[in-house]
Amino acid sequence: MFDLVIRNGIVIDGTGAERRIADVAVQEGRIAAVGPKLGAGKREIDAAGLVVAPGFVDIHTHYDGQATWDPFVTPSSWHGVTTTVFGNCGVGFAPVRPGASGYLINLMEGVEDIPGTVLSEGVKFNWESFPDYLDALASMDRAVDVAAQLPHGALRFYVMGDRGADHAEVPTEREIEEMAKLTEEALRAGAMGFTTSRTTKHKARDGRFTPSLSAREAELLGIAQGMKRAGRGVLQVNSDFGPGEFEALDAAAKLAGRPLSCLLVQVDAQPKLWRETLDQIHGVRQAGRMANAQVGSRPIGVIMGLETTAHPFAAHPAWLEMRQLSPVERYQRLAADADLRRRLVETPSGGGPRAFMAESFHKMFPIGERPDYEPDAKNSIAAIAERSGRTPQAVALDEMMARDGKGLLMLPFENYAYGSLDVVHEMITDPATVLGVADGGAHVGVICDASSPTSLLTLWGRDRTRGPKLGLEFLIAKQTRGTAEAYGLMDRGLLAPGHKADINVIDFDALTLKRPEVVYDLPAGGRRLIQRASGYRHTFNAGVETMQNDELTGERPGRLVRGAQTAA
Ligand SMILES: [Zn+2]
């Protein structure tokens with residue numbers, strides 16, 4: 001008798017193959033059989049009319065800190081995700097010298113917008129080396145599997161001390177050799193890869209650019225030697241791809257003999273640059289080496305409300321006067337004081353971020369009950385203002401005051417230069433891409449894209465009206481086998497015998513992404529944006545049910561994954 005049989009579901013197995021009606025049987029945490037009329041199970045689920053798919057594998061998250069205190073790894077676990085990979089973009093928390101955690105917190109706070117107070121209270125730092133960090137992660141049972149990568153920022157700071165954060169400094173030969181040695185050690189202990197950042201978007205809280213930004217070729221090649229000796233791991237990069245950048249990163253991946261994985265988004269300032277980078281990746285693949293681009297399923301959207309980090313009035317003197325008030329007090333004060341509201345919307349804006357916001361009302365949109373990730377320009381704050389004879393500022397403030405001060409706006413700032421998702425369609429359908437970019441656990445006061453796997457299915461598989469949709473078989477493969485393969489996780493992402501029984505049972509017709517909300521549930525009462533979904537009927541990790549009807553069951557079958565895996 002099987003442990004579990006999911007019967008008569010619409011099986012979409014992760015290969016991209018056409019759906020079929022079948023049973024899925026589970027035995028001892030693995031898939032035992034997929035086919036018609038399988039034998040009895042100790043537990044049976046009637047999945048007639050429901051999609052049965054592999055658990056989602058999200059390779060681009062930043063749960064490095066959260067995974068040490070939160071066994072449930074939300075919001076990702078609410079969206080069918082059964083494996084998360086973190087340590088991306090060169091930031092993370094190991095290796096770390098005793099007493100030196102402050103700098104890594106400062107870097108993570110600046111680069112990924114996770115509040116320093118949350119991190120210093122939440123993260124225990126009871127490790128020094130990267131293998132120690134993996135052991136600390138392994139000591140916790142959790143709802144989802146987690147996997148970590150060695151971040152360049154932490155590595156550089158560990159080896160070079162404060163010089164590691166100074167862009168005028170170059171590591172000595174001996175220091176480069178030390179970085180290579182630690183890279184090899186981390187990969188052998190189970191790191192999934194080595195990650196680096198070469199983007200000026202990434203600054204530590206103290207204002208300095210992220211340490212790896214200016215790392216020169218000798219350093220990258222030195223680290224690549226460590227990867228080569230280990231013979232494992234992915235080289236993941238977040239780069240602005242200025243002149244020569246791709247070549248330098250490719251040279252390192254080539255020397256290491258390891259796959260290169262590049263974050264790829266469309267930026268407004270250079271809306272065609274992503275295509276050049278993708279062409280370069282194609283070139284690498286044609287030369288017989290492994291490379292991919294990590295792409296998103298929707299725009300990267302800054303979410304704005306009275307309780308989030310950024311909004312059109314965040315730098316206004318009248319707003320700053322209320323800095324000391326609690327969110328509730330601030331809302332009450334605003335609701336009661338028409339003069340104050342008038343001052344906020346009528347005083348001319350200064351420079352800086354406020355000016356940026358003021359120029360962005362034409363691409364700022366109210367977020368409704370069912371968030372629209374491909375909003376039409378005619379629904380922008382500027383368009384609403386135009387139609388109603390008000391100023392955009394007044395409309396924006398009204399929208400944020402709605403629902404007792406919980407109203408939210410979205411400002412798509414990447415992948416949306418042309419005001420539609422045609423560019424994302426091109427990215428997703430390119431064979432050299434995998435899904436990434438969702439940044440679960442990061443930018444918690446600004447964005448909430450950990451829900452991307454859900455919008456991948458709802459938006460592209462069902463709801464899109466402004467262009468072509470995509471088949472569910474293709475979309476599911478992209479978020480399961482595609483992402484798993486990118487990291488050599490060959491034991492998952494597929495509904496086939498011998499694979500891990502990581503399974504989603506989804507009521508696809510009812511699958512709905514809800515509006516984001518601000519909650520204060522991080523350590524030290526820290527704030528974050530979360531987003532829930534409905535329609536996930538069951539999620540299993542290794543055959544154990546972790547989610548039922550959109551709620552966590554409390555079960556914790558998830559483990560630390562150490563390095564690439566093979567199916568049983
Ligand atoms: Zn990232």
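This is a predicted model: local features need pLDDT of at least 70, side-chain atom pairs count only at pLDDT 80 or more; totals for chains, interfaces and linings use all residues.

1. The zinc ion has as its protein donors His60 and His62, each through NE2, together with Cys89 through SG and Asp439 through OD, at 2.1 to 2.7 Å from the ion. The angles subtended by the four donor atoms run from 73 to 168°, which makes the arrangement irregular. For four tetrahedral donors the ideal angle at a metal would be 109.5 degrees.

2. The spacing of the zinc donors along the sequence is H-x1-H-x26-C-x349-D. Cys89 comes from the loop between strand S7 (81-86) and helix H2 (101-112), whereas Asp439 comes from the loop between S17 and helix H17 (452-463), so this pair ties together parts that are 350 residues apart in sequence. Both Cys89 and Asp439 are buried.

3. Six strands form an open sheet with parallel pairing, in the order S9-S10-S11-S12-S13-S17. Strand S9 (150-151) and strand S17 (433-435) are the edge strands, each with a single partner, so one side of each has no neighbour in the sheet. Within this sheet, strand S11 (residues 234-239) pairs with strand S12 (residues 260-263) in the parallel sense over three bridges, and Val237 has Cys262 in S12 as its bridge partner.

4. Helix H16 (residues 422-429) has Val423, Val424, His425, Met427 and Ile428 among its buried residues. The buried residues of H16 pack against helix H9 (273-286), strand S13 (291-295), S17, H17 and helix H18 (472-479).

5. Ile506 of S18 stands opposite Val51 and has Tyr536 in S23 as a bridge partner. From S18, Ile503 and Val505 point one way while Asn504 and Ile506 point the other way, and all of them are buried.

6. The count of aromatic pairs comes to seven. In one of them, the rings of Phe56 and Tyr536 have centres 6.5 Å apart and planes at 80°, so the pair is edge-to-face. Phe56 lies in strand S6 (residues 56-58) and Tyr536 in strand S23 (residues 536-541), so the pair ties together parts that are 480 residues apart in sequence. Phe56 and Tyr536 are both buried.

7. Leaving aside residues up to four places away in sequence, Thr82 touches Gly55, Phe56, Val144, Asp145, Asp502, Thr539, Phe540 and Asn541.

8. Elsewhere, Phe93, Phe125, Trp127, Phe130 and Tyr133 form one aromatic cluster. Two arginines also deserve a look: Arg462 lies over the face of Phe508, at 5.6 Å from the ring centre, and Arg532 lies over the face of Trp78, at 4.1 Å from the ring centre.

Note on methods: Residues are numbered from 1 along each chain as its sequence is written. Side-chain values use heavy atoms; hydrogens and water are left out. Two strands pair if DSSP finds at least two bridges between them. Helices (H or I, at least four residues) and strands (E, at least two) are DSSP runs, numbered from the N terminus. Donors are N, O and S atoms within 2.8 Å of the metal (3.2 Å for Na, K and Ca); water is not among the atoms, so sites may look incomplete. Four donors count as tetrahedral if all angles lie between 85 and 135 degrees; four count as square planar and six as octahedral if opposite donors are over 155 degrees apart and all others between 65 and 115; anything else is irregular. Buried means under 20% relative accessible area, exposed over 50%, partly exposed in between (1.4 Å probe, protein chains only). Rings of Phe, Tyr and Trp (its six-membered ring) pair if their centres lie within 6.5 Å; planes under 30 degrees apart count as stacked, over 60 as edge-to-face and the rest as tilted. A charge sits over a ring if NZ of Lys or CZ of Arg is within 6 Å of the ring centre and within 35 degrees of the ring normal. Contact means heavy atoms within 4.5 Å.
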